[in-house]
Amino acid sequence: RGGGLDGPVMKCSQVLRAHFDEVRQKPEELELLCKLPAEVLAPMLEADDLEVPTEAAVLEVARRVLRGRMEREEVVLTISGAKLCEASEVLPSLVGAAGGVVWEALVIEAPAGSPGGALGTAPPWVAARAEASKYAAVTEAAPVQEGSAGDCEIGKELKLRIPTGSVGGGKPGSVLFRARSVSGEAGGAGEVL
């Protein structure tokens, strides 16, 4: 550091320690927290005045930091030619989505209910997000057309990188596949359908 930044860094660290539990429960803020340099993050996680309900919460953040920074064995899952079948309940929402639908495949490494897993009272497929953007694949927005059998084609091919140590038999992670409507400014992601 140096250059007169020690004071502001110390103040920011104090604020983060005081609001740590709040920060770790918000996916966007947790993602930023995990990007802090090790020389800032390690003392914060070790601090006696860290505002956190349990040591397990600190451990989960430390695991997330390590998962994001370590080299990991990965495989690539290719999803192509997929169809959504027996979807009479959601098909009208997909076909009627203004601006089309974005299909997402993402790796969820933390189990539901843990920091980084499915948060809040929404169903897990709504709140879930990939811990690292490299473990998410997204199509471009496209309209959905109902097929003759009451199904729809997913469209473009998706290639999803999967860390083999987190997803698979007996492991807590999973792969989530979902559709989002396109809404908002500049075609931002909208409602999970």
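1. Please bear in mind throughout that this is a predicted model. Glutamate 86 has a relative accessibility of 82%, and because exposed means over 50%, this residue counts as exposed. Glutamate 86 is placed in the loop that runs between β2 (83–84) and α6 (91–95), and its phi is positive, at about 50 degrees, although the residue is not a glycine. As background, most residues other than glycine have a negative phi.

2. For the chain as a whole, the model has 7 helices and 8 strands, and buried residues make up 36% of its 193 residues. Among the contacts with a separation of 6 or more, 72% are between residues 24 or more positions apart.

3. Serine 174 belongs to strand β7 (residues 174–182), and, once its neighbours within four places in sequence are left aside, serine 174 is in contact with Leu106, Val107, Ile108 and Val167. Its relative accessibility is 36%, so serine 174 counts as partly exposed.

4. How are helices α4 and α5 arranged relative to each other? Helix α4 (residues 38–46) packs on helix α5 (residues 55–69) at an angle of about 160 degrees, and the two axes are 11 Å apart. Since angles over 145 degrees count as roughly antiparallel, that description applies to α4 and α5. The crossing in which α4 passes α5 is left-handed.

5. On the α4 side, the residues that meet α5 are Ala38, Leu41 and Leu45, while on the α5 side the partners are Val58, Val61, Ala62, Val65 and Arg69. By class, this contact comprises 7 nonpolar residues, no polar residues and 1 charged residue. As a general point, an α-helix has 3.6 residues a turn, so residues three or four places apart point the same way.

6. Helix α5 also passes a simple check on its length: at 1.5 Å a residue, its 15 residues should span 21 Å, and the C-alpha atoms at its ends are 21 Å apart, which agrees.

Note on methods
Residues numbered from 1 in each chain as written. Predicted model: local features only at pLDDT ≥ 70, side-chain atom pairs only at ≥ 80, totals over all residues. Heavy atoms only, no water. Axes fitted to C-alpha atoms, helices over the stretch in contact; angles between N-to-C directions. Helix = DSSP H or I, 4+ residues; strand = E, 2+ residues; numbered from the N terminus. Parallel < 35°, antiparallel > 145°, perpendicular 65-115°, else oblique. Left-handed = near helix turned anticlockwise from the far one by under 90°. Contact = heavy atoms within 4.5 Å. Nonpolar A, V, L, I, M, F, W, Y, C, P; charged D, E, K, R; others polar. Expected span 1.5 Å × (residues − 1). Buried < 20%, exposed > 50% of the residue type's maximum accessible area, 1.4 Å probe, protein only.
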